[in-house]
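Please walk me through this protein model, one part at a time.

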Amino acid sequence: MPAILTIRDLRKSYADGFEALKSVSLDIEEGEILALLGPNGAGKTTLISTVCGIITPTSGSVTVGGHDILDDFRAARSLIGLVPQEINLEPFETVWNTVRFSRGLFGKSRNDALLEDILRKLSLWDKRKNRIMELSGGMKRRVLIAKALSHEPRVLFLDEPTAGVDVELRKDMWEIVAELKASGVTIILTTHYIEEAEAIADRVGVIAEGKLMLVEEKAQLMARMGQKQLEVQLTEPVAVLPDALAHHDLQLVNGGGALVYTYDTRGERTGITALLNDVAQAGLVLADVQTRQSSLEDIFVGLVSGETA
Ligand SMILES: Nc1ncnc2c1ncn2[C@@H]1O[C@H](COP(=O)(O)OP(=O)(O)OP(=O)(O)O)[C@@H](O)[C@H]1O
């Protein structure tokens, strides 16, 4: 799949000198869902706002569908839909007018059938004549999505779509995102919720202190999550790994005082029994054993705290 969005060496320093983005590079493929995870203040909104032309980058480049966001702003921006974090709707306007005006702002010709389709998909059709002020918080969030889709963007940014919403609405949002993907829209969403990234993303990016620390297929991250480590502490340290243990995936740690064995919990066999037999055969005596499972949360916390996961 070709990249629909290309971000190269993007940097943003705010007027007070604060460096909110430090050389971010990223390619986003057409039709994928990318979740950007990061703690408060990591730079997620700055990244999205820069791509959407709300913030001017200090350096670097961004292209959307081949259009540069600075040199060819209108063409680039017309391919993007943005669902912001804050609800920024006109309270006295009706749902229908809100969505219709938004399409008009992008200079697109009137297309009531398309808007009807969008509102129906978002379960807002029955509310089309209601004023925004008469809607629940969850419905307002749906209107934000309808508004962002009104000019038929190919890339949709959702900035923390489920922050502060109840569990039911969160699940609804996930379904909406899945349907949008099925209709061919590329989706980039920011979130604090690791389970949200697990539930809906094809790829997961972790951003911390303005840097993109990792971008990886969710399936690969999940495979990493499936890994467990067994640490075998020895009564007497050894200088080198005995030959009899060479065929096991082992690391000697703690100055030779412990062996770390990494295994896949999803495999049919973990290999632990064979390993412990071989350890005994090699004449090593166990003082203690413990296991540790790495999760996406471990990986995330390790990355954002500057430690390796
Ligand atoms: N206009 C500004 N001037 C100076 N610093 C700013 C400005 N806007 C944002 N920042 C700083 O840039 C950093 C990144 O902010 P940003 O809003 O991009 O983070 P975020 O990852 O979206 O956070 P959150 O998850 O809390 O929404 C923060 O330290 C923030 O204080």
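## A buried strand

Strand β9 (residues 203–208) has 5 of its 6 residues buried, so the rest of the structure largely encloses it. Buried means that 20 or more other C-beta atoms lie within 10 Å of the residue's own; 12 or fewer make a residue exposed, anything in between makes it partly exposed, and the C-beta atoms are placed from the backbone. Strands here are DSSP runs of E with at least two residues, helices are runs of H or I with at least four, and both are numbered from the N terminus.

This is a predicted model: local features need pLDDT of at least 70, side-chain atom pairs count only at pLDDT 80 or more, and totals for chains, interfaces and linings use all residues. Residues are numbered from 1 along each chain as its sequence is written.

## Partners of β9

Two strands pair if DSSP finds at least two bridges between them. Strand β3 (residues 33–37) pairs with β9 in the parallel sense, over 4 bridges. Ala35 stands opposite Val204 in β9.

Strand β10 (residues 211–217) runs antiparallel to β9, and 6 bridges join the two. Ala208 has Lys211 in β10 as its bridge partner. β9 and β10 form a hairpin with 2 residues between the strands, where Glu209 takes a positive phi near 45°.

## The sheet around β11

Four strands form an open sheet in the order β12-β13-β11-β14, and their pairing is antiparallel. β12 (250–253) and β14 stand at the edges with a single partner strand each, so one side of each has no neighbour in the sheet. From one strand to the next, the twist averages 20°.

Strand β11 (residues 227–234) is joined to strand β13 (residues 258–264) by 7 bridges. It is also joined to strand β14 (residues 286–293) by 7 bridges. Which residues pair with Gln229? In β13 its bridge partner is Thr262, and in β14 its bridge partner is Arg292. Gln227 has Asp264 as its bridge partner in β13. In a regular strand, side chains alternate between the two faces of the sheet.

## The sheet with β1 and β4

Another open sheet has 4 strands in the order β2-β1-β4-β5, with antiparallel pairing. Its edge strands are β2 (19–29) and β5 (67–68), each pairing on one side only.

Strand β1 (residues 3–13) and strand β4 (residues 59–64) share 5 bridges. The bridge partner of Thr6 in β4 is Thr63.

## Two crossing helices

Helix α3 (residues 95–105) and helix α4 (residues 112–121) have axes that come within 11 Å and cross at roughly 130°. That makes α3 oblique to α4. Axes are lines fitted to C-alpha atoms, for helices over the stretch in contact, and angles run from 0 to 180 degrees between N-to-C directions. Under 35 degrees counts as roughly parallel, over 145 as roughly antiparallel, 65 to 115 as roughly perpendicular, and the rest as oblique.

The crossing of α3 and α4 is right-handed.

## Around the ligand

Which helix gives the largest share of the shell around the ligand? Helix α1 (residues 44–51) does, with 3 residues. The residues around the ligand include Tyr14, Asp16, Asn40, Lys44 and Thr45. A residue counts as near if its C-beta atom, placed from the backbone, lies within 6 Å.

The shell divides into 4 nonpolar, 6 polar and 2 charged residues. Nonpolar covers Ala, Val, Leu, Ile, Met, Phe, Trp, Tyr, Cys and Pro; charged covers Asp, Glu, Lys and Arg; the others, Gly among them, are polar.

Conventions: Left-handed = near helix turned anticlockwise from the far one by under 90°.
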